[in-house]
Amino acid sequence: MHTVLTRGNATVAYTLSVLACLTFSCFLSTVFLDYSTEANINTVRVLVKNVPDYGASREKHDLGYVTFDLQTNLTGIFNWNVKQLFLYLTAEYQTPANQLNQVVLWDKIILRGENAVLDFKNMNTKYYFWDDGNGLKDNRNVSLYLSWNIVPNAGLLPSVQATGKHLFKFPTDYATSSI
């Protein structure tokens, strides 16, 4: 009574419906989990230079150099639905020109199965710490935060910030050594 194409269509549609329900059920099993953990961040060396930014203009802007320590254990975050973590270290500060400045200084991808216990000492930043003016010199409210995006097998892509931050200040004078 039914053709092979009709029966095949019904089988494929039913299979896809069951798989969609299973995927949604799997997503629900991990959506309410707490993915936060403690991170200890410390600055080892901090200095600021006033150098020309040839990428935007020839005006001199502040360029910060930060060396940091980072300790955290991210093994509790991984479960069957976490494929990888995208970690990033962010510096936030306030200047008279801008109420909120955020700069990503360092990042790392951790895949499931890799070592998720981080104990880094004297790490250099991966990206430049440029200010769009001269707001880093003698800035006393620079905060470092560790955050991560969770890349799941199924579901949302949550962005989580670690508990714990580190406050530091840039020196009152510019570093005189060459770049």
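Me: Why is N9 called exposed?

Reply: N9 has a relative accessible area of 54%. With a 1.4 Å probe and protein chains only, buried means under 20%, exposed over 50%, and partly exposed in between. The value of 54% is over 50%, so N9 is exposed. N9 is found in helix 1, residues 4-28; helices are DSSP runs of H or I with at least four residues, strands are E runs of at least two, and both are numbered from the N terminus.

Me: Before we go on, what kind of model is this, and how are the residues numbered?

Reply: This is a predicted model, in which local features need pLDDT of at least 70, side-chain atom pairs count only at pLDDT 80 or more, and totals for chains, interfaces and linings use all residues. Residues are numbered from 1 along each chain as its sequence is written, and side-chain values use heavy atoms, with hydrogens and water left out.

Me: How far is N9 from K49 in sequence and in space?

Reply: They are 40 residues apart in sequence, and their C-alpha atoms are 67 Å apart in space. For A97 and G135, the separation is 38 residues in sequence and 8.1 Å in space, again C-alpha to C-alpha. A97 is found in the loop between strand 3 and strand 4 (101-111).

Me: What makes A97 exposed?

Reply: Its relative accessibility is 66%. That is over 50%, so A97 counts as exposed.

Me: Which domains is the chain divided into?

Reply: There is domain 1 (1-32) and domain 2 (34-168), with bounds that come from an automatic or database domain assignment. Their C-alpha centres lie 42 Å apart.

Me: How do you know that domain 1 and domain 2 are in contact?

Reply: Contact means heavy atoms within 4.5 Å. Seven residues of domain 1 are in contact with eight residues of domain 2. The two domains bury about 510 Å² between them, 67% of it on carbon and sulfur atoms; buried area is the accessible area (1.4 Å probe) that two parts lose on being put together, summed over both. C26, F27 and T30 supply 72% of the area that domain 1 buries against domain 2, more than any other three residues.

Me: What classes of residue does domain 1 have on the side that touches domain 2?

Reply: That side has four nonpolar, three polar and no charged residues. Here Ala, Val, Leu, Ile, Met, Phe, Trp, Tyr, Cys and Pro count as nonpolar, Asp, Glu, Lys and Arg as charged, and the others, Gly among them, as polar. The count of salt bridges between the two domains is zero.

Me: What makes D138 and R140 a salt bridge?

Reply: Their closest N and O atoms are 3.4 Å apart. A salt bridge is a side-chain nitrogen of Lys or Arg within 4 Å of a carboxyl oxygen of Asp or Glu, so D138 and R140 qualify at 3.4 Å. Side chains of opposite charge can pair when their charged atoms come close.

Me: Which other salt bridge does D138 form?

Reply: D138 also pairs with K169, where the closest N and O atoms are 3.6 Å apart. This pair links distant parts of the chain, 31 residues apart: D138 is in the loop between strand 6 and strand 7, and K169 is in the segment after strand 9 (166-168). D138, R140 and K169 are linked in a network of salt bridges. The structure holds four salt bridges, including one between K121 and D119 at 3.8 Å.

Me: Why is D138 called partly exposed?

Reply: Its relative accessible area of 31% falls between 20% and 50%, so D138 is partly exposed. K169, at 35%, is partly exposed too. R140, at 55%, is exposed.

Me: What is the phi value of N122?

Reply: Phi of N122 is near 50°, a positive value in a residue other than glycine. N122 lies in strand 5 (residues 117-124) and is partly exposed at 49%. D138 has a positive phi too, of about 65°, although D138 is not a glycine.
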